[in-house]
Amino acid sequence: MRNLTLENITNACRGNYRGDSSSLTAEVSGVVIDNRKVEKGCLFVAIDGTNVNAHQFIPDAVDRGAMCVVSHEDLGETDYPYILVESTGQALLDIAKLYRDSFNIKVVGITGSVGKTSTKEMIASVAAQKYKVHKTLGNFNNEWGLPITLFAMAEDTQIAILELGVNHFGEMRRLSSVASPDICVITNIGIAHLEFFKTREGILHEKTQMIQDMKNGGSIILNGDDDLLREVAPIKGAEPVFFGIDENCAVRADNIKSLGLKGTACTIHLPSGESFDCIVPLPGSHMISNALAGASVGFQLGLTPEEIRAGIEGLPSMPGRNNIISTENFVILDDCYNANPVSMKAALDVLDMALGRKVAILGGMGELGNNQEAMHYDTGVYAAERDINLVCGIGELAKELVRGASIGERTQALWFETKKDFLEEMHSLLKEGDNILVKASHSMEFPEIVEKLKGFQGRG
């Protein structure tokens, strides 16, 4: 891997190399933190988990062909080289920074309370119309995931699109100092992780820390429809570029027309004065926002309006994220990757576009702090206000959601203690032709429900 000799790695993580000095010029073939993924010539970084001491897996990593090991434990005399550091977690970030800085490429950093991954996918689809793109792998957006994403970057990469996810104060600078973004995108300031950030203003402070590590001459791209983001002043001499529906945004959309679950048609206007008509292929007003973020980044990267449109219209769907699945019996809106009140309401808005009976299978939303019961209740009320025909709440946290949904005269609201309880009753509740939203926090593992729905034999 480019620039990753044992000597450079040792210097980058301020470590103490233990081993044959003749190996210092050797270049590792990869960097891994899972001993099961070690291949010949890899560097194994022993990062301890909550309940696991990863150092116990060092012998296995060496047997599998690891060239060297990074450890925060003194291993004494060994027959393999290792680098002793104070913290293997910090060493992983330091090595990732060394590798990132060996590339002369543009890096797009994306953060926000909601929609980071779907926005990343939209920006990647747009940028790929002109450049060789590398993007965050799945949801690998934290202090372990970001380095893993960077180490997977091919040497011919031209644009890296990196998602930065945080849920505690101080985490953003640890990530953004590694990413060193040229373009900083913030999707919104919602109420996710209020348990740790306490207020939206706290979230704003932490998210905007990314901009402190933006390279000189970089660009700031913010959601101008967000009340807190549109008040952000120039940072490091860079004027924010705002995107949104608001007519004052530099990149904006109008002539918006819903096509139901087939997506949304709109006209997008660019700072150059150019505009183009396009169809955002996934439904929901938030997908318009994602398309505008993609158009904003595409414009900064020098893409033509035709290239930007092609990227937006060519956006692929993603399992678990606003993914429309048509089966013999149902239209399933698979949005079960994760959930918070903002994304849950956005998903209900999408379901509300459907033609025919509307069913929401919803689970609890985690990390909401002391007001979690009120937030679940409010989300249930929101479902009732949209006249969702059937709301099925699963799990303890969903009790209040069901209570809120019960206020609707045209909404049937049912609570189930477990997924198993719901699945046992499912056949008596659903009908052929139903439009079904499936959404909950990731920990509830709702993809199981999506799979059951795919194979469901409905009743007339």
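1. D434 touches N329, F330, V331, R357 and V359, leaving out residues up to four places away in sequence; a contact here means heavy atoms within 4.5 Å. D434 lies in the loop between α14 (419-429) and β20 (435-439). Helices (H or I, at least four residues) and strands (E, at least two) are DSSP runs, numbered from the N terminus. D434 counts as buried because its relative accessibility is 1%, where buried means under 20% relative accessible area, exposed over 50% and partly exposed in between (1.4 Å probe, protein chains only). A polar atom of the D434 side chain lies 2.8 Å from the backbone nitrogen of K431.

2. On the basis of the note: this is a predicted model, in which local features need pLDDT of at least 70 and side-chain atom pairs count only at pLDDT 80 or more, while totals for chains, interfaces and linings use all residues. Residues are numbered from 1 along each chain as its sequence is written, and side-chain values use heavy atoms, with hydrogens and water left out.

3. The protein chain holds 15 helices and 20 strands. Its radius of gyration is 24 Å, close to the 23 Å that the globule rule gives for 460 residues, so the chain is as compact as a globular protein of that length. That radius is taken over C-alpha atoms, and the rule is 2.2 Å times the number of residues to the power 0.38. The C-alpha trace spans about 75 × 55 × 40 Å along its principal axes. Of the 460 residues, 56% are buried.

4. The largest nonpolar core has 57 residues, and L4, I9, V31, L43 and F151 have the most contacts inside it. Helix α3 (residues 88-100) gives the most to this core, with 7 residues. Apart from it lies another core, of 35 residues, among them A127, V185, V280 and L315. Such a core is a set of buried Ala, Val, Leu, Ile, Met, Phe, Trp, Tyr and Cys residues joined through side-chain atoms within 4.5 Å. Neighbours within four places in sequence aside, F151 is in contact with M1, L4, V31, L92, I95, A96 and Y99.

5. In helix α13 (residues 398-405), the residues A398, L401, V402, G404 and A405 are buried. They lie on the same side of α13, because they cover an arc of only 160° around the axis; the arc is that of the directions from the helix axis to the C-beta atoms. These buried residues pack against α11 (341-352), β17 (358-363), α12 (372-385), β18 (390-394) and β19 (412-416).

6. A salt bridge is a side-chain nitrogen of Lys or Arg within 4 Å of a carboxyl oxygen of Asp or Glu. R403 counts as partly exposed, at 48% relative accessibility.

7. The structure holds 27 salt bridges. One of them joins E163 and K120, whose closest N and O atoms are 3.8 Å apart. This pair links distant parts of the chain, with E163 in strand β8 (residues 159-163) and K120 in helix α4 (residues 116-127), 43 residues apart. Both E163 and K120 are buried. A network of salt bridges links K120, E121, K135 and E163.

8. K345 forms a salt bridge with D378, the closest N and O atoms being 2.5 Å apart. Here too distant parts of the chain are linked: K345 is in helix α11 and D378 in helix α12, 33 residues apart. D378 counts as partly exposed, at 37% relative accessibility.

Methods. A polar contact is a pair of N or O atoms within 3.5 Å; within protein, one must be able to donate a hydrogen and the other to accept it, and residues adjacent in sequence count only if both atoms are side-chain atoms.
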